[in-house]
Amino acid sequence: MATVTLRNIHKSYGDNEVIKGVDLDIDDREFVVFVGPSGCGKSTLLRMIAGLEDITAGELLVDGERMNEVPPDKRGLAMVFQTYALYPHMSVAENMAFSLRLAGMSKAKRWERAKEVARTLQLEPLLDRKPKALSGGQRQRVAIGRALVRNPRVFLFDEPLSNLDAALRVQMRLELSSLHDSLQSTMIYVTHDQVEAMTLADKIVVLQGGVVEQVGSPLELYHHPNNLFVAGFIGSPKMNFLPVMTTGVQDSGTNVRLPGDAVVTVPVQPKMLMVGDRATLGIRPEHLRIDANNPTVMGEVLVVERLGGETYLYVKIAGGDTFIVQADGDSRAKVRDHVPIYIDGHLCHLFNADGLAVPQAERHHLTLSTPEVSQTQASHQTYAQHPQSSQTD
Ligand SMILES: Nc1ncnc2c1ncn2[C@@H]1O[C@H](COP(=O)(O)OP(=O)(O)OP(=O)(O)O)[C@@H](O)[C@H]1O
Ligand SMILES: [Mg+2]
């Protein structure tokens, strides 16, 4: 059992305030991921939880108990870093058992515990090897093992996979996910890789400039970003944005005019935008469609990226803005083609002049938050109302 609570946490280095009042509740057994651009304060926040940095102001609680003054080794937390810094002269088993030796555990017990953890991490055959005889992924597993042997209440990970190649990252991501499943412990994980965040997290905390921009499940953030920053940060490739002008407001939706004069009706709550207001329209590449029967805008293909399963078209639309459109893997579109793009208003987001999301209309919103329907089922239901017909090009 381990909950972690942050209450109005601040951190300053001299006059430079880098964490500006963070409030957060982390539940027992939750996998929480901190994401955000470089320098936003992810590591600082994690290191304050670990006790490696003083907390300038605010309160940190673990299981309801104040931790601000408790030294790191008494907090019952274990941290895994990006640079795993194993002791080169020690074997895998010795590396993993080292912290237990410091804690005064007998040799027999240390060995037993290291073996047990090695079994969980499939490191058993490597127990006698020195770190230099291990692959990057194996070394990272030893670093995780070193945290695991201590049976911590909470695991803290700071970009543990950044030094691994792409294939290993995916493999280790899956391993971490099943480790969390089997250990059932609370995990806090820092990354700037939003795919890692989406796939691992129960709850994502999006940070920018030392401030929490939004907290939510991966799909909440994907479907209901609070603002332009979160909308642009979550999702890959990122959401397309277009400057628009409000031309009509009805109960059924708000009309906005795109730079090329096309009008799209977005079912947001009425009266949040007024006729004449400037706003930003957001739509994800996977929600755009090449459709000769129903074009909203025409665009000229600038770049084609073929990934096999899908194709990304970088398209210049009227007014000069560039859209990324996800097309079929076997799309025949090529550079300089003029393609018709259908923009479905139901799949669009609107942001006001301050960059804040205009709330979606009640019906759309309710479908997604009906409690007895799981998030995934709910999003399928919503999308079933607006099927993406097959792409024609
Ligand atoms: N010891 C320090 N002294 C002064 N400033 C610091 C110190 N440590 C971090 N900072 C500053 O605090 C801010 C947050 O740093 P932090 O390391 O938490 O960022 P991050 O989100 O982890 O970034 P990255 O993704 O690059 O690891 C940065 O502006 C950094 O320069
Ligand atoms: Mg960092």
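Is Phe233 buried or exposed, and what is its relative accessibility? At 16% relative accessibility, Phe233 counts as buried, where buried stands for under 20% relative accessible area, exposed for over 50%, and partly exposed for what lies in between (1.4 Å probe, protein chains only).

## About the model

This is a predicted model, in which local features need pLDDT of at least 70 and side-chain atom pairs count only at pLDDT 80 or more, while totals for chains, interfaces and linings use all residues. Residues are numbered from 1 along each chain as its sequence is written, chains are lettered from A and ligands numbered from 1 in the order in which they are written, and side-chain values use heavy atoms, with hydrogens and water left out.

## Aromatic pairs

A pair of aromatic rings is described by the distance of the centres and the angle of the planes. Rings of Phe, Tyr and Trp (its six-membered ring) pair if their centres lie within 6.5 Å, and planes under 30 degrees apart count as stacked, those over 60 as edge-to-face and the rest as tilted. The structure holds 6 aromatic pairs. One of them is the stacked pair of Phe229 and Phe233, with 5.7 Å from centre to centre and 20° between the planes. Both residues lie in helix 8 (residues 228-233), 4 residues apart, which is about one turn of the helix; helices (H or I, at least four residues) and strands (E, at least two) are DSSP runs, numbered from the N terminus. Phe229 is partly exposed, with a relative accessible area of 21%.

In the pair of Phe241 and Phe351, the ring centres are 6.0 Å apart and the planes stand at 80°, so this pair is edge-to-face. It links distant parts of the chain, since Phe241 is in strand 11 (residues 240-250) and Phe351 in strand 20 (residues 349-351), 110 residues apart. Phe241 is partly exposed at 24% relative accessible area, whereas Phe351 is buried at 0%.

Phe31 belongs to strand 3 (residues 31-35), where 5 of the 5 residues are buried, so the strand is largely enclosed by the rest of the structure. Phe31, Val33 and Val35 point one way from strand 3, and Val32 and Phe34 point the other way.

Two strands pair if DSSP finds at least two bridges between them. Strand 3 runs parallel to strand 8 (residues 186-190), joined by 4 bridges, and Phe31 stands opposite Met187 there. Strand 3 also pairs with strand 9 (residues 203-208) in the parallel sense, over 4 bridges, with Val33 opposite Ile204.
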